[in-house]
Amino acid sequence: MSCPGAVSPKGARKLHDADVVYRYDGSFEGFLCCVFESFLWHELPFAVWTPQQETATLYPVKDIPTDPAKARRVFASLGKKLGADTEYLVSRDFLSGREDKELLLIRFLHLAFALGPGTVKRMGHPEVAPLYEMKKSLDWEVDKFQGFVRFEDHGGMLGAVIHPKNYILPLLRPHFCGRFPEEDFMIYDAVHQAVLLHQHRQTRLLELAAPLELPPPDAREQQFQALWKQFYKTLEITSRHNEKGRMTHCPKRFWGDMVELREEL
């Protein structure tokens, strides 16, 4: 992708804040097309929305269609002109649950194309720092859910429900597929209505049109859950109970999906 407005050479139009809202389909390819549009018109939109985020506004809304050719062109330029670190950070931060992530990423990319590949290392810069805040949030959630996901057996298929703030299923995929390569399992993200499905050694990420309701556990599964809860309670040294420490290591928002803590909510 060429970025003629990023450096603002002599005679070129300057980057400006535009009174317009970009609306795209929510996909990564669609976001890259928003980047293309922003550079094409040398503008920073007021906001970037998906159909789910749309609300009343006095600003005109510009629909950005997803064009795979434009998306490939933009993505290729990230690694070629800005380096692997920038390509990695932008791709990962797109999974953030932060509502203004698209606008933050576009602002950063205008800066990066103007200053060069070293921009990603300027962690204290006001246009760069939010990207590392998003990455920190993603990394923290991935680390927690790798330990806090609780599976139930449903006739040979292991099922789990999670409620993450960020869209972390793609980041959880290597861990659980590597840990349970021969098991059939699914992890349902109830916030983003998406499923990580691993079946017959094949893995897919599915986006659902409607919420998924897992069947209740059968009698045998309930027995195992009872044993697990008893083990959890027995393991604690009651005289050393530290509620603040427990909340630090396992925040309460995870408890609803953890069989051993669900009853304490």
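Trainee: Is helix H1 of this predicted model largely enclosed or left open by the rest of the structure?
Mentor: Good place to start, and do keep in mind that the model is predicted. Buried means under 20% relative accessible area. Of the 13 residues of H1, 10 are buried, so the helix is largely enclosed.

Trainee: Which residues of H1 are the buried ones?
Mentor: You can follow them along the helix, which covers residues 28-40. The buried residues are Gly30, Phe31, Leu32, Cys33, Cys34, Val35, Phe36, Glu37, Ser38 and Phe39.

Trainee: What distance separates the end C-alpha atoms of H1, and what span should its 13 residues have?
Mentor: Let's check it together. At 1.5 Å a residue, the 13 residues should span 18 Å. The expected span agrees with the distance between the end C-alpha atoms, which is 18 Å.

Trainee: Which residue in E5 stands opposite Arg23?
Mentor: Strand E2 covers residues 21-23 and runs parallel to E5, with 3 bridges joining the two. The residue in E5 opposite Arg23 is Asp63.

Trainee: Which residue takes a positive phi in the hairpin of E6 and E7?
Mentor: Strand E6 (residues 152-154) runs antiparallel to E7, and 3 bridges join them. Glu152, for instance, stands opposite Gly159 in E7. The hairpin has 2 residues between the strands, and the positive phi, near 60°, belongs to Gly155.

Trainee: How many residues of strand E7 are buried?
Mentor: E7 covers residues 157-162 and is mostly covered. The number of buried residues, out of its 6, is 5.

Trainee: How many bridges join E7 to strand E8?
Mentor: Strand E8 takes in residues 185-189 and runs parallel to E7. As one landmark, Ile162 stands opposite Asp189 in E8. The number of bridges joining E7 to E8 is 5.

Trainee: Moving on to charges, how far apart are the closest N and O atoms of Arg98 and Glu133?
Mentor: Arg98 also meets the side chain of Asp100 in a salt bridge, at 2.8 Å from N to O. For Arg98 and Glu133, a salt bridge needs the nitrogen within 4 Å of the carboxyl oxygen. This pair forms a salt bridge, with its closest N and O atoms 3.5 Å apart.

Trainee: Which parts of the chain does the pair of Arg98 and Glu133 link?
Mentor: Arg98 counts as partly exposed at 33% relative accessibility, and Glu133 counts as partly exposed at 48%. The two residues are 35 residues apart, so to speak in distant parts of the chain.
Mentor: Arg246 and Glu243 both lie in helix H8 (residues 243-249), 3 residues apart, about one turn of the helix. Their side chains meet in a salt bridge at 3.2 Å, N to O. Glu243 is partly exposed, with a relative accessible area of 32%. Arg246 has a relative accessible area of 18%, and that makes it buried.

Trainee: Which residues make the nonpolar surface patch of about 320 Å²?
Mentor: One member, Leu235, lies in helix H7 (residues 219-235). At 59% relative accessibility, Leu235 counts as exposed. The patch is made by Trp228, Phe231 and Leu235.

Trainee: How far apart in space are Leu261 and Tyr188?
Mentor: Leu261 sits in the segment after H8 and is buried, with a relative accessible area of 2%. In sequence, Leu261 and Tyr188 are 73 residues apart. In space, C-alpha to C-alpha, the distance between them is 19 Å.

Terms used:
Residues are numbered from 1 along each chain as its sequence is written. This is a predicted model: local features need pLDDT of at least 70, side-chain atom pairs count only at pLDDT 80 or more; totals for chains, interfaces and linings use all residues. Side-chain values use heavy atoms; hydrogens and water are left out. Two strands pair if DSSP finds at least two bridges between them. Helices (H or I, at least four residues) and strands (E, at least two) are DSSP runs, numbered from the N terminus. The expected span of a helix is 1.5 Å times one less than its number of residues. Buried means under 20% relative accessible area, exposed over 50%, partly exposed in between (1.4 Å probe, protein chains only). Patches are made of residues with over 30% relative accessible area and no salt bridge: like charges are joined within 9 Å, nonpolar side chains (Val, Leu, Ile, Met, Phe, Trp, Tyr) within 5 Å. Accessible areas come from the Shrake-Rupley method with a 1.4 Å probe; for residues, only the protein chains shown count as cover.
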